[in-house]
Amino acid sequence: MPIAINRLTAFLLAGLCITVFLTHTVVQQTTGQSTIQHISKLSKFLPSKTVNRWADLYVSEDDFPETTHMSGVAGFNYFHNLYSANGTFLIVTSNPESLPSYGISGILSALSDPLDKYHNHAPAGEDRIMIVSPQEAKERMLLGKAAIRKSGVSLMFADVKEGTLSSFLNHYYHFIGEMFLGLWRVVTAAGEIELPSRLIYRAESADWRDRAGITTWFQQAVLPEAEIEEATIYEDRKKSGVTFLFDKIAIADRWAAHRIGQEVKYWNKANADLPLLDVPLTWMDPLRDQIKRLALAEGCDVKRKRSKVPVVTYINRQLTSRRLIDEDDQELIEEMEKLDDEGVIEFHNAFMEKLPRVDQFCLVMKTDVMFGVHGNGLSHQLWMKPKSAVMEIMPVNGFARDYAILGEMMNHEYYAIHYNETFPPEKWRKENGYGVDQGPDFHSPRYTIDGKWMAGMVRELVSIRINAIEPPLPW
Ligand SMILES: *[C@@H]1O[C@H](CO)[C@@H](O)[C@H](O)[C@H]1NC(C)=O
Ligand SMILES: *[C@@H]1O[C@H](CO)[C@@H](O)[C@H](O)[C@H]1NC(C)=O
């Protein structure tokens, strides 16, 4: 039977064809030539985020990529495509020369011998990490037939409590200013700025949570999208008998930094090599912007009261045992209040422990000049704009480099202060290269400061920051 096609049907069919053509093809232009491609080719033009994470979750043996060491210093190393099987990390590479010369020793440590009172840590053995060629991995059947991809940036903290030796992670400064900051620094040194998808601990929860709860606040408020993996998850993964492929993973190991670090040994600070890594001036922005968005959402304005009057914040520790003698604290405050009355500064005398968390961070974000006695409060300089000023009050016969290292990493103008003078970097080392001692008054309530002299310093430091501007949020 002949099929009669009337005009209307032909018209509708043609319309349908045109619609299908328009909705299923893209015009691709390369070097002046235009070609018409099927819609399925479109995905390669979209940002990778829209690629379905579930689609490439399982990677079969034939597609195993090799591991790349992206950046690092001893104790802080960033990899792409690092494998993990049976609780061991595998650096799979046919080009081991591309790895840093410190090798495993600068990457991961074994546990120390409980009987060793010096807590010496040897480099990790094959039960923790190994470097293998793809062929060796295959011959020894180390990786199995497929791997499960863990996508996004993972940050791993390898340290655990060992007997009476703490993991150090349970103190906010040692977490944020050393281990976390180091991991973030190696990621940004590789030219990446992706916020972490997961934080991996090998320490038990009681060994990494700080008493004041700032670490957990930071994780939940600033990195709300990051999964926090406790030691039990590490064990689950190990027991699963499955191989995992970490797309991007940075590993921190305190003892590796101490064992191999160049500057670390002179200062006895695990983060002392981190300033050696080149990063962009804006390296902290992604984290800082998160805090800023939260502060703004909570109604805290990250602005000066008067646009040409810089904000000066005194991190006041008088409620704690390491502090200034009372008279000096009083004089210091009076001098700053005079500058405030004069309209030279906007002064904040901050007892951080009394402020709600977001208000603490909001205050330091708008601060141009921060000062205070050596202590955890000076970790807040991480959230000041780069090139702000920090003055750390030390006992006249002592010095420690913790917050100076942060200042250096932040590109702040940093000064160690001894009563009425600065204690310049050329005096920080003894002749043998090692850092000078903390001195007997380091943890005492006998710190002193000349308030009038500090007022002179503040005047100078604010004079060049009158026009400092808060960078706008990118989105
Ligand atoms: C898994 O690790 C344990 C402990 O390191 C080791 O004894 C065992 O041989 C490993 N199993 C496989 C299949 O590699
Ligand atoms: C600093 O203080 C010391 C001890 O009080 C004093 O001898 C010295 O003259 C002071 N220096 C300045 C620059 O004020």
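His 119 is partly exposed, because 15 other C-beta atoms lie within 10 Å. The model is predicted. His 119 is found in the loop between β6 (88-92) and β7 (129-132). Look at its backbone there. His 119 has a positive phi of about 50°, although it is not a glycine.

Where does Lys 387 lie? Lys 387 is in the loop between β14 (369-373) and β15 (389-393). Its phi is also positive, near 70°, and Lys 387 is a residue other than glycine. Is Lys 387 buried or partly exposed? Lys 387 counts as partly exposed, because it has 14 C-beta neighbours inside 10 Å.

Now step back to the whole chain. The chain is divided into domain 1 (58-280) and domain 2 (303-463). The C-alpha centres of the two domains lie 33 Å apart. The domains touch: 13 residues of domain 1 are in contact with 14 residues of domain 2.

The largest share, five residues, comes from α3. Sort the residues of this side of domain 1 by type, and you get nine nonpolar, two polar and two charged.

Next, find helix α9, residues 285-297. Helix α9 has 13 residues. From its first C-alpha to its last, α9 reaches 18 Å. That is close to the 18 Å expected at 1.5 Å a residue.

Which residues of α9 are buried? They are Leu 287, Arg 288, Ile 291, Lys 292 and Ala 295. These residues sit on the same side of α9, because they cover an arc of only 135° around the axis. An α-helix has 3.6 residues a turn, so residues three or four places apart point the same way.

What do the buried residues of α9 pack against? Their partners are α3, α5 (214-222) and α11 (357-366).

Finish just past the helix. Just after α9 comes Gly 299, which takes a positive phi of about 85°.

How values were computed. Residues are numbered from 1 along each chain as its sequence is written. Chains are lettered from A and ligands numbered from 1 in the order in which they are written. This is a predicted model: local features need pLDDT of at least 70, side-chain atom pairs count only at pLDDT 80 or more; totals for chains, interfaces and linings use all residues. Domain bounds come from an automatic or database domain assignment. Two residues are in contact if their C-beta atoms, placed from the backbone, lie within 7 Å. Helices (H or I, at least four residues) and strands (E, at least two) are DSSP runs, numbered from the N terminus. Ala, Val, Leu, Ile, Met, Phe, Trp, Tyr, Cys and Pro count as nonpolar, Asp, Glu, Lys and Arg as charged, and the others, Gly among them, as polar. A residue is buried if 20 or more other C-beta atoms lie within 10 Å of its own, exposed if 12 or fewer, and partly exposed in between; C-beta atoms are placed from the backbone. The expected span of a helix is 1.5 Å times one less than its number of residues. The arc is that of the directions from the helix axis to the C-beta atoms.
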